[in-house]
Amino acid sequence: MKKIMIIAALASLTLTGCSVGKYQYSSEAMKRVDMNFTGIPTVLGIGALGTSIPLTPEYSLTAAHVAKFSVQRVKAYHPYCDLAIIYHKNDAATLAKFRSAEIGAPVKMYGYSFISAMPVESSGVNLALTGIRNEWNKRPCVAMASNAGVVKGMSGGAAYNSDDTIGGVIVGFTSEVKNHRNAATPLKNVSLYIPYQDFKEWLAKSTT
């Protein structure tokens, strides 16, 4: 059995750069997630980008900070994590299947790049669970830190387990996850996603 380790730390989303880690163009991402435009203009003047996950024939799952400015209506916000369910018509063949994520397990991320508006993917390993605090994430929200690459625009995208189930929803990245007890080296330049086990009950209640 893999040992579950929770870092006694708090991470804040420090999106001062455009990305962390490595990512690449992926036609597979187009099959797994959707592009979402918001009303915030980009340098190209076409509106900011976010990503969403097909959930049911009528709803999609995304980050709350994407949903708030999305052109789609919002059905529900998570009470303390950066998650939201939006109204979106989806093909039944593309709907998500979920499973809890595990520390030490491989992870693959899919989303859309804010920079290029192209579908992208990245691969890595789940490193640790950490508390996460900012405008969109409040106590007791927990995020999974990973070394898989993330670029702006991938927020709301999917973090996949090795068995092709979704382990969580991408919410951003941070330059450092500090351990307040100084018992381990701080994690640097990691992606962050909200693991399925932390929103499973909310998701079930909000889609019934």
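These legends go with several close-up views of one predicted protein model.

**Overview: the whole chain.**
This is a predicted model, in which local features need pLDDT of at least 70, side-chain atom pairs count only at pLDDT 80 or more, and totals for chains, interfaces and linings use all residues. Residues are numbered from 1 along each chain as its sequence is written, and side-chain values use heavy atoms, with hydrogens and water left out. The chain holds 3 helices and 15 strands. Both kinds of element are DSSP runs numbered from the N terminus: helices are H or I with at least four residues, strands are E with at least two. Of the 208 residues, 51% count as buried. Buried means under 20% relative accessible area, exposed means over 50%, and partly exposed lies in between (1.4 Å probe, protein chains only). The accessible surface comes to about 10000 Å². Carbon and sulfur atoms own 56% of that surface. Areas come from the Shrake-Rupley method with a 1.4 Å probe; for residues, only the protein chains shown count as cover. Among contacts with a separation of 6 or more, 67% join residues 24 or more positions apart. A contact means heavy atoms within 4.5 Å.

**View 1: the largest nonpolar core.**
A nonpolar core is a set of buried Ala, Val, Leu, Ile, Met, Phe, Trp, Tyr and Cys residues joined through side-chain atoms within 4.5 Å. The largest one has 33 residues. Which of them touch the most other members? They are I53, L61, F98, I194, F199, W202 and L203. Elements that give two or more residues to this core include β6 (59–62), β10 (119–132), β14 (166–179), β15 (187–195) and α3 (200–206). A second, separate core has 16 residues, among them V20, V107, L129 and M154.

F199 sits in the loop between β15 and α3. Is F199 buried or exposed? Its relative accessibility is 1%, so F199 counts as buried. Beyond its neighbours within four places in sequence, F199 contacts L61, H78, L83, F98, G168, V169 and I194. H78 lies 121 residues away from F199 along the chain, yet their C-alpha atoms are separated by 8.0 Å.

**View 3**
In β5, L49, T51 and I53 point one way. G50, S52 and P54 point the other way. The strands β5 and β6 run antiparallel, joined by 3 bridges. Strands count as paired if DSSP finds at least two bridges between them. They form a hairpin with 4 residues between them. What does I53 touch, residues up to four places away aside? Its partners are V33, S60, L61, A96, G156, G157, A158, I166, G168 and V169.

**View 2: G172 in strand β14.**
G172 is found in strand β14. This glycine is buried, with a relative accessible area of 2%. G153 is 19 residues from G172 along the chain, and their C-alpha atoms are separated by 8.8 Å.

**View 3: salt bridges around E28.**
A salt bridge is a side-chain nitrogen of Lys or Arg within 4 Å of a carboxyl oxygen of Asp or Glu. The structure holds 6 of them. E28 meets K31 at 3.6 Å, N to O. E28 also meets R32, at 2.9 Å. How do these residues compare in exposure? K31 is exposed at 57% relative accessibility. E28 is partly exposed at 25%. R32 is buried at 14%.

**View 4: a salt bridge between two loops.**
R99 forms a salt bridge with D163, the closest N and O atoms being 2.8 Å apart. The pair links distant parts of the chain, 64 residues apart. R99 lies in the loop between β8 (84–87) and β9, and D163 in the loop between β13 and β14. R99 is partly exposed, at 29% relative accessible area. D163 is partly exposed too, at 41%. Elsewhere, salt bridges that share partners join E28, K31, R32 and D164 into one network.
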